[in-house]
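Opening the notebook on this one. I want to look at one chain by itself, then at how the two chains meet.

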Amino acid sequence: MAKILAVDDSASLRQMVSFTLKEAGHEVVEAADGVEALELARSAPADLVISDVNMPRMDGISLVRELRGLPEYKFTPILLLTTETSDAKKQEGKAAGATGWLVKPFDPEALLTTIKRVLG
Amino acid sequence: MGIDVSQFVQAFLEESFEGLDLMESELLDDEILDSSCNGERINTIFRAAHSIKGSAGTFGFGFVGEFTHGVETLLDRIRSGQRPLTEDARALLLEAVDRIRDMLIAARDKSPLDNEAIERTRKAIDAMLESEPGDAPAAAARESREKSAAPAESRWRIRFSPHRSLFATGNDPLRILGFLRDLGTLAIECDDSALPKLAELEPESCYLRWTLELEGPATEAQVREAFEWVEDQCDLEITRIDAPAADTSRDSEAAADASSLEGAADEPASTDAARAGRADQDRRRAADRRNDAGSIRVAVEKIDQLVNLVGELVISQAMLETIARTDFEDFDAVHLERLRQGLAQLERNTRELQEAVLGVRMIPINFVFSRLPRLVRDLASTLGKEVNLVLEGEDTELDKGVIEKLADPLTHMVRNAIDHGIEKPDARVRAGKPRAGTLKIRAAHQGGNIVIEVSDDGAGLNRERILAKAAERGLNVPENPSDREVWQLICTPGFSTAEKITDISGRGVGMDVVRQNIEAIKGRLEIDSTPGHGTRMTIRLPLTLAILDGMSVRVGDEIFIVPLTAILESLQPKADQVYTISGRGRVLNLRGDYVPLVSLSDVFHLPSSREQIEDGICVVVESAEDRAALFVDELIAQHQVVIKSLETNYRRVPGISGATILGDGRVALILDVDMLTQMH
């Protein structure tokens, strides 16, 4: 099962993501913002990163850019959690190297279906 | 797999209420209107709104998310500099914060909601957004998750030519093919003609192309979804090959519209439920803020301090253990000295640990203060007054339990000050004062107390009117009352001097309830007022409710504890220092000041072992009102005592504020200095 890094400044959403993924048998590491995520990503490589876009200190887009700069994360799937209206953000995310996105609001099922697409 | 999201709802609500409080406090800061330096503040507000919107739908509060969407859009435009944050926009955003809070509270408590107010605010936001040139209309985005019925069998031909950079975003053609395979039977044909010679091949580039044929009950949208993330990184051609090109995607869009309309219909929760008044909503909003009594946020430093102290405790314990292992015959003066040192260290550790543990319950009074700017702003504008609020000592820490109970009385005092104290701007100008009144709220440590002052520079209390009202209500008024006694009358149950009951203060809660609330947390309320210059109300609260620094004193066979903070000095009186004054009993001449002498053996009807005044000790104590010299047999020691309630375990005894258990297991009573000083 995969090791997943979940990044979101909202504790409730992070809990939900983390709980859902753990129930599905994955190992989950949580971070509350980009800076924390980057630190965790460096110390323990993840198979998949799921990150919010709007966060204090370092946002999701910058996090993607930083992660893609690390050799271990060159091809690692990185999914952004966005809201339905932020088409521009999706493109910005893609340009930074994000693999895909998951549109908020989502339910646990949608989350699991989506990560199946990147964990093969 | 079914996962119940309701278990995260509590966390979502807490987080959202926090976010709303943050939005509110940032919006209330006047700096926010200064476009040259408000960037970070607006970002903070935006993020809070964004978080609520993003999570709301996930946790089953779609209507909250939808409402917040407009707020977020407005904030986004301000953030990106497309429009300035005007005073109007600020007022509207504050209103929106209230609406979101109302919606969350109603959803949580399953209580009715003022849908009209919500609709009004929503329209106001839409109007503000639409008033801008260009850009997308503000209509709230509806969730349009496609749930069209599965179409009949269909066949699709897909030509998928990824760009070489496909891998750079972590995408993988193999996974896309896998996704398609789940939709039906997939025939895959790979075109490797673009593959270069091995020497020229870049391993991180994608050179392959595919032609796929999918057979199954899939819509075009479903097929496109497989390529959603790589649309801009590939050339894609999707054609239906089993039937004349029927435009299925158009159908599914229509279906999506229909479903979103359905969604919209059931959005405003409990539409026709009883319409609660604004006051009711306010009350619930206030109640909500108190509802989090179950948990406490503690600064990490405080926790670290606890960990450190426990570490030191372990060291002291190890040190004592080493000494205890010494054989009895070898135990000498050196060991005894070390044992004493060890015990002294242990005592220090215990005391520090005790303080630190109590400190965990201490939170800054800002918890209550932070709500005041909003209150003052709203009240002042409702009453047509101008008020400058000055807050001081926001970092003063108080027990969490006390702070929570302080919110109501303080709110009421602020309401009173603005409603009855501060005059309208014209009246102020006529009285030679600045148009805007100043309301100052200050918290500070003062000895063993926390003092909270609410002072205004308004008209002050009116002695004649209070006395007339008291007579009219048939209240007990002392003869020739001092100003202070007159002011205290307003705290008498059933007293109200407002000429008309206003919407603001006249809610059936008077100063009597305020005083009761304060006394319930062992505090005292003092009132000072100068006509024409203003009123100052002072709340005095004990620092902590659980532990007290005390001096133990002996009277006969009984031990009493005198709170250390009340003690001014202790002395052995000489016979010529004590006088008997008719009507006042005995007094002690203290360097020319005459202080009432209170003999504890008389008060508590105990036999004293001291026959002569010179044999005993006088402990001079001070309360807020008065001083007294307590006559006791002997001073014993100074220690920290844990306060146990006498009322809970026995009953209320005049002159005694509580009890404690001494090191030897005896019960000692703690003296109520205020009451003892008033006995004379």
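This is a predicted model: local features need pLDDT of at least 70, side-chain atom pairs count only at pLDDT 80 or more; totals for chains, interfaces and linings use all residues.

What share of the contacts in chain A with a separation of 6 or more comes from residues 24 or more positions apart? I looked it up and got 61%.

I counted 5 helices and 5 strands in chain A. Reading along the sequence, I get β-α-β-α-β-α-β-α-β-α. Chain A has 120 residues, and 60% of them count as buried.

**Where the chains meet.** Next I checked who touches whom: 44 residues of chain A are in contact with 38 residues of chain B. Between them the two chains bury about 3,500 Å². Carbon and sulfur atoms carry 57% of that buried area.

I find 4 salt bridges between chain B and chain A. One that I looked up pairs Glu225(B) with Arg117(A), and its closest N and O atoms are 3.8 Å apart.

**Chain B's side.** Which helices of chain B each supply at least two residues to the side touching chain A? My list is helix 1 (9-28), helix 2 (39-58), helix 3 (62-79), helix 6 (173-181) and helix 7 (220-226). Helix 2 of chain B gives the most, with 9 residues. Sorting that side of chain B by class, I get 15 nonpolar, 12 polar and 11 charged residues.

Terms used
Residues are numbered from 1 along each chain as its sequence is written. Chains are lettered from A and ligands numbered from 1 in the order in which they are written. Side-chain values use heavy atoms; hydrogens and water are left out. Contact means heavy atoms within 4.5 Å. Buried area is the accessible area (1.4 Å probe) that two parts lose on being put together, summed over both. A salt bridge is a side-chain nitrogen of Lys or Arg within 4 Å of a carboxyl oxygen of Asp or Glu. Helices (H or I, at least four residues) and strands (E, at least two) are DSSP runs, numbered from the N terminus. Ala, Val, Leu, Ile, Met, Phe, Trp, Tyr, Cys and Pro count as nonpolar, Asp, Glu, Lys and Arg as charged, and the others, Gly among them, as polar. Buried means under 20% relative accessible area, exposed over 50%, partly exposed in between (1.4 Å probe, protein chains only).
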